[in-house]
Every structure is written in C-alpha cells, then in structure tokens.
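Thanks for coming. Please look at the model on the screen, and I will go through a few parts of it.

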Amino acid sequence: MYNFDFYTPTRVAFGKGTESRLIGLLNEFGGRKLLVHYGGGSVIRSGLLGRVQAMLDEAGFDYVMLGGAVPNPRLSLVYEGIDLCKKENVDFILAVGGGSAIDSAKAIGYGVANEGDVWDFYDRKRQATACLPIGVILTLSATGTEMSNSSVITKEEGWIKRGYGNDICRPKFAIMDPTFTMTLPDYQTACGCTDIMMHTMERYFTNGGNMEITDSLAEGLLRTVKENAKILIKDPQNYDARAEVMWSGSLAHNNLTGCGSDGGDWMPHQLEHELGGLYDVAHGAGLAAVWGSWARYVYKDCLPRFRKFAVNVMGVAEEGTDEEIAIKGIEAMESFYHEINMPVNLRELGINPSDDDLALLAHKCYVAQGGPRGSAKPLDESDMLEIYRMANK
C-alpha cells in the first residue's frame, strides 16, 4: 500500500426534508451575498428552485440567480458567472442541481477568487490558490462532485473538455435528499449509476498499491450500485434504492475507495472526456461505451485485479484460468450495462466517427494527459487510438 491523505471537509445533510437545513448551513458557513447557480428543467418543474428562493427571501439573504448549466458544462457560462459575481460582490455560491451546476459553480468560484483566465487551471498552466465557498443542493446521483475536489468544464473553442482537481473547491455543505432524484428520466439515472461505478473502478484497476479494506469498500459499493440500478429500472420511485445510489455517488468520488493506491488509472474517463467534448454525449453513457474496449486492451497487464473484480463484484465462478475468469467479468459488466440500457460501443452510443475522427480523439486525449497515462497499463497515443477503434467496431 501507499501512504495517503484522506480529506473530506464537506458537511452532509442527508435524507427526506433536508432542504429545510439550508438557512442554518448558510449561516454556519458565512454566506451573505449569494450566487444561486442552477441548470433548469427539473429544479424548476419540481418547485425546488422556488422553495430555495422563498427560504432565502424569508431569511433576508441577498442573492442573484444564474441558470443555464448544461451537461458537459460550458466555459462561456463560467465566464458569465465570474463577471456577475464580481459585479454583485458575491461571497458564496449555492449550486442547485446535478454535477453540471456544481462543476460550473466550482469553476466560477476559482475565477472570482484568482486573477487571470480560469481556463488556465483546467489547461494545467497554473494552480488556483483560492475559491469562493460553495454549498450544494444535489438533485442527481452521478458525479460525486458534491464531496470531491474535482470539476470538469468544456471549452467551446475547439470543444475541449478538461478536468481540474484542487481541495480548495470542496463544497462546505451538501444537502442530499434522494426524493429530488425521483423525477429524473430513466436514462439519466442509468448514466449516473454508470458514472458512480466508474469512479470506483478507476481507482480499483491499478498496478500501484492496494489495501484489502479499501478493496472491500470498493467492491461493496460496486455491488450496491449494480443491484440498486437494476431496481430503479423497474421501480424508479423506490426511495431506499435512490438513497443507496445517492450516498454511493458521494463515497465513490471523495477518494474513500482509493486510499492506499497510486491514485487510480483514469484512462476510461480521459477517453470519454474527448468524446464528450467533441460529440456532447452524456458522460455516463460515454464511459460505458468505451469501458469494455479499454478493459480488453489492458486486462492482461492488470490480470489479478480483473480476476478479483470478476469474482467479487460480478459474481463469476472461479472456474478456468485467471484470464478466462477476467474475460467473463468484462462480459458480465457489459451485460449489466445492457440491462440498464447503457451502450457498450460507439455505435450504440449514437455516433459514427471516421478513422480520421478517431485519430483526432486519440491525439487530443494524448495531448491532454501530457504523455502516456494509466496504471492498469500505461497508454500512449497509438494505444488510445486502438481502444477507440475497438469501441467503434
């Protein structure tokens, strides 16, 4: 195992009716002039945004509103939010929604608290030294950004999707009521479950350090999400299943399932980021579409982990060679994706890139990583291209 730091400063208020905790949490963490940042759609239709405004009005908070956060959140909206916050002297950002609104809020927080272009942080040119404090009311179980140090933004010029991680952006609090996720379309729920599982799988498939207790936590989380995702396909209003998935989403990306490792592989995420940037596909669906091809390309270099995953997570019988068991685990994972209506290749994802397009994706991915990357198997540009080609068959 490797040494590690485990840092989770976010106060979580979890369960039915926890939106009533909002004013107390804002008072505790010092927000007085707020930016309320949201996407649209469900937070408006459900009445949640209206209830938030009513609570803020009754408590005498001064605030400004900024909607428009979309999946694969855009840099142009981040710039708009930075300008608005500076103009209005905002000192706290309240994100109401899913990962897109929260990631966008983090980027706005960086942009207000630091000089220069906020994109520099995502482009790995420099590090942020401060961030406006952020609170969250979560409406989608997926990204885990409500407790994580990371955010992902898409720059429209060149359609470049980049992630940035820094502990200073971790939310001060997260209000998490599983009932808020009950109005989501089934596809979004499935995409969220896929993303949650992938955050743990990225940390699981490594050749750099492991702890048995961390593995047990990771495997339990993966089994829990897998089983509850299948429940939600049949019974979307199941509160207990919603709660299991929502809490799993936070635990999957606050690094609990990565303690003692080298930090994880993360290449499926990097491969998907280029798909999301260029084709604007749903993040979870994009992950499912490339995972099987990535797994088949790297499993021989990380065979003990793939065998363990097959047996302990996917329930594969310990019959045959380690390689045969590993392949059965990959096949079982793809069968699960189909069971929850997720794609397992680019055609099922709804895109049909040419070979030139695939080469562009691989080149952008390689440049974004600054060279070879991966723990299960380090990948260079030619490896990335071959995985994209495998996913495109």
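Phe6 sits in the segment before strand S1, residues 11–14; strands here are DSSP runs of E with at least two residues, helices are runs of H or I with at least four, and both are numbered from the N terminus. This is a predicted model, where local features need pLDDT of at least 70, side-chain atom pairs count only at pLDDT 80 or more, and totals for chains, interfaces and linings use all residues. Residues are numbered from 1 along each chain as its sequence is written, and side-chain values use heavy atoms, with hydrogens and water left out.

Phe6 has 39% relative accessibility and counts as partly exposed. That class lies between buried, under 20% relative accessible area, and exposed, over 50%, using a 1.4 Å probe and protein chains only.

Next, the charged pairs. A salt bridge here is a side-chain nitrogen of Lys or Arg within 4 Å of a carboxyl oxygen of Asp or Glu. By this rule there are 21 salt bridges. One of them joins Arg11 and Glu28, at 2.7 Å from N to O. Arg11 belongs to strand S1 and Glu28 to helix H1, residues 22–29, so this pair ties together parts 17 residues apart in sequence.

Glu323 pairs with Lys300, with 3.9 Å between the closest N and O atoms. Which of the classes does Lys300 fall into, buried or exposed? Lys300 is exposed, with a relative accessible area of 57%, whereas Glu323, at 34%, is partly exposed.

Finally, the whole protein chain has 16 helices and 8 strands. Of its 393 residues, 58% count as buried.
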